[in-house]
Amino acid sequence: MRQFFRMAKWARNPPGEKQVKLFLIVVALCLVLFGIERLVGWPDWLTMDNAPGGKITR
């Protein structure tokens with residue numbers, strides 16, 4: 001229900017042009033990084049060895 005109120009608020013008072021451009025640039029950057037990761041693969045040097053499974057406790 002909260003999302004509908006937020007959408008109505010945005011419809012009455014839309015964000016500025018700069019904010020929309022910034023949002024689109026961030027989304028495009030994320031999609032580019034995702035595409036590169038899917039094409040090239042995850043680098044071995046970023047993979048943890050002996051990573052604990054599940055919840056990390058102290």
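**Exercise 1.** Does Leu31 count as buried or exposed, and at what relative accessibility?

Solution. The model is predicted.
- Step 1: locate the residue. Leu31 is found in helix H2.
- Step 2: read its accessibility. The value is 57%.
- Step 3: apply the cut-off. Exposed means over 50% relative accessible area, so Leu31 counts as exposed.

**Exercise 2.** Find the nonpolar surface patch that includes Leu31 and give its area.

Solution. 
- Step 1: list the members. They are Val20, Phe23, Leu24, Val27 and Leu31.
- Step 2: give the area. The patch covers about 470 Å².
- Step 3: recall helix geometry. An α-helix has 3.6 residues a turn, so residues three or four places apart point the same way.

**Exercise 3.** Describe helix H2: its span, its cover and what comes just after it.

Solution. 
- Step 1: take the limits. H2 runs over residues 17–40, which is 24 residues.
- Step 2: check the length. From first C-alpha to last, H2 reaches 34 Å, close to the 34 Å expected at 1.5 Å a residue.

**Exercise 4.** How many salt bridges does a search of the whole structure find? Identify the partners and their exposure.

Solution. 
- Step 1: count. The search finds one.
- Step 2: name the pair. The side chains of Glu17 and Lys21 meet at 3.3 Å, N to O.
- Step 3: classify them. Glu17 counts as exposed at 57% relative accessibility. Lys21 is partly exposed, at 48%.

**Exercise 5.** What share of the chain's 58 residues counts as buried?

Solution. 
- Step 1: survey the folds. The chain has two helices and zero strands.
- Step 2: read the share. 0% of the 58 residues count as buried.
- Step 3: The chain exposes about 6,400 Å², and carbon and sulfur atoms supply 66% of it.

Definitions and conventions. Residues are numbered from 1 along each chain as its sequence is written. This is a predicted model: local features need pLDDT of at least 70, side-chain atom pairs count only at pLDDT 80 or more; totals for chains, interfaces and linings use all residues. Side-chain values use heavy atoms; hydrogens and water are left out. Helices (H or I, at least four residues) and strands (E, at least two) are DSSP runs, numbered from the N terminus. Buried means under 20% relative accessible area, exposed over 50%, partly exposed in between (1.4 Å probe, protein chains only). Accessible areas come from the Shrake-Rupley method with a 1.4 Å probe; for residues, only the protein chains shown count as cover. The expected span of a helix is 1.5 Å times one less than its number of residues. Patches are made of residues with over 30% relative accessible area and no salt bridge: like charges are joined within 9 Å, nonpolar side chains (Val, Leu, Ile, Met, Phe, Trp, Tyr) within 5 Å. A salt bridge is a side-chain nitrogen of Lys or Arg within 4 Å of a carboxyl oxygen of Asp or Glu.
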